[in-house]
Amino acid sequence: MNAAEPQGRRPRRLTVGRIGIYAFLITAALFFLLPLWIMVVTSFKPMEEIRLGNILALPVTLTLEAWTKAWSSACTGLECNGIRVGFWNSVRILVPSVILSIIAGAINGYALSFWRVKGANVMFGVLLLGAFIPYQVFLYPLVRIFSLTGIYNSLTCIVVVHVIFGLPTMTLLFRNYYAGLPIELFKAARVDGGGFWTIFLRVILPMSTPMLVVATILQVTGIWNDFIFGLTFAGRENLPMTVQLNNIVNSTQGERAYNVDMAATMLAALVPLVVYFVSGRWFVRGIAAGAVKG
Amino acid sequence: MATISIPTSNVSTGATRTRRRIRTRLPAAFALLPTALVVLVVYIGCMLWTVRLSFTSSTLLPKLDWVGFAQYSRLFVNDRFVTSAENIVIFGALFISGCLILGFLLAVFIDQNVRGESVFRTMFLYPYAMSFVVTGVAWQWFLNPGLGLQKLVRDMGFTSFTFDWLVNQNMAIYTIVIAGLWHGSGLTMAILLAGLRGVDEDLWKAARVDGIPTWRVYTSVVLPLLRPMIVTATVLLTAGVVKLYDLVVAMTLGGPGIATEVPAKFVMDHLFERNNIALGTAAATIMLIAVVAVLAPWIYARYIRPQGRHA
Amino acid sequence: MAAVSVRDVSVAFEAVRVFDGLSLDIEQGEFIVLLGPSGCGKSTLLNAVAGLLDVAEGQIWIDGKNVTWEEPKDRGIAMVFQSYALYPRMSVRENMSFGLKMAKTPKPEIEKRVNKAAELLQITHLLDRRPDQLSGGQRQRVAIGRALVRDAAVFLFDEPLSNLDAQLRNELRVEIKRLHARLGNTTMIYVTHDQIEAMTLADRIVVMKEQKIQQIGSPDEIYRRPSNLFVAGFVGSPQMNFIKGRIEGNGTGPEFVSGKRRLPLSGYRFSGKPIPGQEVVLGVRPEHLEITGAGTWSDFKVDIVEPMGADTVIWCSDGDGTIQVRTSGSKKAAPGEPLGLGVDAAHVSLFASETGERL
């Protein structure tokens, strides 16, 4: 075979098209990374550097001062105990809310897809519609109801709110997942004499692991990042991190300590970021599962 | 001639069968009861109550009188409200179309067998995991006229470069759009990429044999196939538009002045700070009507009309 | 000059190397079938010829031109896929003309070709419909039509009938054969795992297993003189009977011995010298066994009878294993009936136990 003739693998020519693709992607990546970069970089700078310097530049003097201030002594309204208060508040809100909303969603999804209860589908339809309606439409009466029952501005209140407004997505998630399971499984369990709860706990729930993971990721991210419910329902002692962050950044008098602001922002973003990077593929699955509506 | 007798005791009558059916379904009904209660009390009840309150003159506390459409007429001459309505339309149009276009481009380019695909994907999607407060604060900092982007470019030599959109009455809303695009394009990309990956590989092969250039395959063959995904993404994005609140509060607090007011913020402010429940609920009702107006045709097209055709 | 020539080709997937130096020459106008089980590499080879896969080593020549580095559209090929791969939102006419439009073929020429192909495939009445309005068989015809309008010298088929039900498969199979006859000088490379398709359509069959060519030959050759155990067992339904045994050389010549069964091999065409004592496998097709009263092998009893209408397949056993016999449909037999089988050594195949190669 003549060595000058084409043989073997096609030569990979770097065409304009190929360069263009990478150029676009890298530019986009820079756009998306930019805010994160400046948050990190700013949080490690002392204020003098920020006033004079370049917002993109790496810190000349690396200092953790902003971080310690943000964590333990930043002013979040009337108190100046730092954002760690908010951190633990968010944790206290997160755990029961996630657990309860997932359980509720799983039970609802199970009941809807395997058991024929009259009017259940209508209820489900209304629930789905409700997911599109802005919270402001429900907010004030809800505040009144909680006031009347005495639990307004408490941990219970915010957890209940998260469960209520998590119902549409969670129910949809589990219902669609269960609808994809073979119904023969369920029928066999019925023939074996199982009742509603037995089948759920012994057969369906053990098979729900993928959806439980997805639901956890979605709820942890959604509830941790919530602002409006925390602001309205949690009460001053239970304000989540997002609310405190907003207070630190936007309600300071005098000169703003941008590095402290950014450190606080990073702290607030930490948990969802970790969840995101750890969950990898599952995060995308969560989006796909939530996005496949009806 | 032998007669055959059927024992009647083994045959369940219609009544016992129905009773048994109801009995076995009871636990399921009970399990769904709390949710049904929530739907009734919150999703329906609270909504109706809000609408009722909009016809009153309640200020700090609810007062069940009747003032007709007085609050609504006040709304339409209220500068804040009118601005917020304009802003949400501008934001909605730019945000949805921007996310779709950017998301589509990102998905298409990632789909080109690039090296480091998963790294790119991770970088484009992480903003969606961030809260809107974090997003707002970060962009507020970056677009800070004195210390952010403007200073950066000026320091590079372009001394006449101005990017004071954040404090500019006419341009502030567009900063919110930019932050929104940063947050939501990754989501759109993820959805559309999933759609792209679902396209039959043989279709690509056939197009290659037919000599169809890649870009043409995307526009003529793939895009039509992607329609359900685009609809899904649009629906999700639209749901997010009306709820716009956290981002505005964190980034501009509605300012400068009222330049970035949005309906959700208008309602919240009037309900909790300006002690004007009636006006707030009226605004909330308008928001409700707007959402229903957009949703209803889509629901009709998706669920009600097809039923008719197949019946 | 060969129409398609695969020379010393290797294809690489990540670290895995497929086809170490495979070569194949296909003649002009030939209908060649690549046959084999899933994963044997037949589709990979087809995709390499098409240019949809890069070859790591070697060359591909089509019509006297080295096309190893050419894009599929420049190789003078047309292709039909298992999943039809029709452009979904376009009409049949648009589907068939899209490629030509891209190649800037003048409109009257496009119309002429589309109409001619539609006539040939009897889909003229479907030209304005969309793929989702067509049945599976119609879609496949459109796919073939899309390939036809390219006026290519080489047609590639990648399991085109696998998605169709049995009856449609039979119909379209005949149509493809007719098409080949009408088109005269068009070379066709056809990939399938269905040996009936291979036998009925091919001028030559290339039997493949685990990315290696097992045998190339006409359907007749493949059927009557399979070159190894795999080919023998893969082609032919019901499957060839395999009996393990030994060659014993006795006075009158080599003989096959397996338990109490013996078969003199004087009528068998050995490719080399028979080695006495060698472990072998004897293969004999069900239709080459005769039912006689006192045959070469006696002591058989009928196990199961499968009446298939035109033929009857009788499973019989002599305690040493089961053998299938195919005989006329009018033959009646009952389970437990004693049977004798007559075997003609000219019709059997002998394979070395160790290598599976034909002796």
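## A first look at chains B and C

Of the 359 residues in chain C, 39% are buried (20 or more other C-beta atoms, placed from the backbone, lie within 10 Å of the residue's own). This is a predicted model, in which local features need pLDDT of at least 70, side-chain atom pairs count only at pLDDT 80 or more, and totals for chains, interfaces and linings use all residues. Residues are numbered from 1 along each chain as its sequence is written, while chains are lettered from A and ligands numbered from 1 in the order in which they are written.

**Chain C overall**
- Chain C has 8 helices and 20 strands, which are DSSP runs (H or I, at least four residues, for helices; E, at least two, for strands) numbered from the N terminus.
- Along the principal axes, its C-alpha atoms fill a box of roughly 75 × 45 × 35 Å.

**A look at Val302(C)**
- Val302(C) sits in strand β16 (residues 297-307) of chain C.
- With 18 other C-beta atoms within 10 Å, Val302(C) is partly exposed, a class between buried and exposed (12 or fewer).
- The C-alpha atoms of Val302(C) and Ile314(C) are 6.9 Å apart, although 12 residues separate the two along the chain.

**Two helices in chain B**
- Helix α7 (residues 172-197) and helix α10 (residues 227-242) of chain B pack at about 160°, with axes 9 Å apart; axes are lines fitted to C-alpha atoms over the stretch in contact, and angles run from 0 to 180 degrees between N-to-C directions.
- α7(B) and α10(B) are therefore roughly antiparallel (angles over 145 degrees).

Key. Parallel < 35°, antiparallel > 145°, perpendicular 65-115°, else oblique.
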